[in-house]
Amino acid sequence: MVTFHFISFQHSTSELILVEDEMTDTEDNEEEDLGVMDDQRSVILHLISQLKLGMDLTRVVLPTFILEKRSLLEMYANFMAHPDLFLSIAAGATPEERIICFVEYYLTAFHEGRKGAVAKKPYNPIIGETFHCSWDVPKDKVKAFRTNGASMASKDSAKELGQDQSTCYKLRFVAEQVSHHPPVSCFYCECKEKKMCVNAHVWTKSKFMGMSIGVSMVGEGVLHLLEHEEEYVFTLPSAYARSILTIPWVELGGKVNINCARTGYSATVTFHTKPFYGGKVHRVTAEVKHNPTNTIVCKAQGEWNGSLEFTYSNGDTKVIDTTKLPVIRKKIRPIANQGPLESRRLWQHVTNSLKEGNIDAATEHKHRLEERQRAEERQRAALTTPWKPKYFVKEGDGWLYVNPLWKTH
């Protein structure tokens with residue numbers, strides 16, 4: 001007998017998220033690398049028979065067995081699985097070092113979000129859904145870039161010994177689903193001590209491409225380094241679920257840009273999709289350029305989930321193996337301490353049913369959540385009261401966190 005819990009998706013007042021309640025996350029998102037079962041294949045074939053090439057899949061209900069056990073909002077938090085690399089961006093002594101550090105961090109930000117070889121789809125967040133977490137980043141892991149390393153380090157450690165006895169930086173993250181049609185997710189992440197934060201909004205658009213499904217991430221993020229008064233605007237690659245009838249796998253594709261108007265530095269990162277014949281999978285190349293002088297200061301190549309090689313203008317090279325990078329686990333409050341609209345609590349019955357292999361119960365729980373969302377949407381339409389997000393406000397084409405570091409700084 002399965003019991004269902006009803007919740008309303010309307011707003012409660014902005015509750016205080018207590019970081020003290022957070023505990024190191026023990027959830028392991030490894031997915032079993034199994035192929036599609038025969039009965040599942042017939043469900044997918046039936047679904048495919050009703051789709052047209054290029055069709056928008058936003059409103060198509062996909063079968064529950066292809067879901068991975070977490071929300072898309074939580075997947076965005078996994079971009080921060082190497083928060084030490086992220087915080088090191090601010091430690092760069094020059095604009096050139098800082099953008100190179102950003103590119104190094106960016107190229108390593110995707111592999112942790114795509115656990116396991118099998119492509120599964122995170123839950124589509126429900127409007128008003130939020131996800132909170134944080135990281136404690138050991139200060140000795142946050143290093144300045146290759147040049148000026150010694151002088152930078154000694155200056156920093158002296159300062160830390162004098163004033164600050166704590167050994168970790170605190171990095172906080174909040175994500176919220178601010179719109180249902182189109183599906184827009186926002187996330188904001190800040191480290192007060194390093195005077196840096198990132199604000200992003202992403203609209204996912206999926207379309208049917210025959211034997212694969214393409215998901216484009218429309219939108220952008222902005223990294224603010226307040227100490228340097230620099231803003232880095234960046235975009236995100238598209239994702240493709242390939243061979244959906246056998247063993248589906250994920251591929252990233254497309255060209256993304258990182259740009260700092262103030263310093264004149266920019267970078268292009270190209271995620272290469274595998275050619276039909278031959279060729280490697282998961283290839284990525286990048287180039288960092290100083291636009292005023294048209295100089296290329298750094299090049300990178302490799303696999304975004306494997307080994308990456310960086311070559312700098314002075315001839316130095318560096319290899320980062322993403323499979324060997326230590327992952328700093330996020331901290332998250334236990335489900336009992338979470339609000340009804342926080343991802344893990346909201347989806348807990350779907351997740352538990354999937355873990356137990358009870359696809360019917362998972363489908364039923366998911367259906368109830370979606371029905372609830374539709375009913376409340378109709379109610380808002382009838383009363384002409386638009387949805388008001390809790391943590392983000394609409395500004396132009398984008399969304400900004402309500403209380404960003406650059407306002408309080």
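Predicted model: local features only at pLDDT ≥ 70, side-chain atom pairs only at ≥ 80, totals over all residues.
**View 1. Helix H4 (residues 95-107) and its buried residues**. Residues are numbered from 1 along each chain as its sequence is written, and side-chain values use heavy atoms, with hydrogens and water left out. Helices (H or I, at least four residues) and strands (E, at least two) are DSSP runs numbered from the N terminus. From its first C-alpha to its last, H4 reaches 18 Å, close to the 18 Å expected at 1.5 Å a residue, where the expected span is 1.5 Å times one less than the number of residues.

**View 2. The largest nonpolar core and the surroundings of Trp 135**. A nonpolar core is a set of buried Ala, Val, Leu, Ile, Met, Phe, Trp, Tyr and Cys residues joined through side-chain atoms within 4.5 Å. The largest such core has 65 residues, of which Phe 86, Tyr 106, Trp 135 and Phe 173 touch the most other members. Helix H4 supplies the largest share of this core, eight residues. Apart from this core lies another, of 12 residues, among them Leu 226, Tyr 391, Phe 392 and Trp 399. Beyond its neighbours within four places in sequence, Trp 135 is in contact (heavy atoms within 4.5 Å) with residues including Ala 77, Met 80, Pro 83, Phe 173, Cys 189 and Ile 328.

**View 3. Thr 130 in strand S4 (residues 130-138)**. Thr 130 counts as buried, because its relative accessibility is 3%. Not counting residues up to four places away in sequence, Thr 130 touches Leu 73, Ala 175, Glu 176, Leu 341, Glu 342, Ser 343 and Tyr 391.

**View 4. Helices H7 (residues 348-355) and H8**. The axes of H7 and H8, which are lines fitted to C-alpha atoms over the stretch in contact, with angles running from 0 to 180 degrees between N-to-C directions, come within 8 Å and cross at roughly 165°. H7 is therefore roughly antiparallel to H8, given that angles over 145 degrees count as roughly antiparallel, under 35 as roughly parallel, 65 to 115 as roughly perpendicular and the rest as oblique. The contact is made by His 349, Val 350, Ser 353 and Leu 354 of H7 together with Ile 359, Ala 361, Ala 362, His 365, Lys 366 and Leu 369 of H8. The buried residues of H8 include Ala 361, Ala 362, His 365, Lys 366 and Leu 369. Helix H8 (residues 359-383) has 25 residues and reaches 36 Å from its first C-alpha to its last, and is followed by Thr 384, whose phi is positive, near 45°.

**View 5. Val 281 in the loop between strands S12 (265-272) and S13 (283-290)**. Val 281 is partly exposed, with a relative accessible area of 31%. Leaving aside neighbours within four places in sequence, Val 281 is in contact with Trp 249, Lys 274 and Glu 303. The C-alpha atoms of Val 281 and Glu 303 are separated by 7.7 Å, although these residues are 22 apart along the chain.

Notes
Buried < 20%, exposed > 50% of the residue type's maximum accessible area, 1.4 Å probe, protein only.
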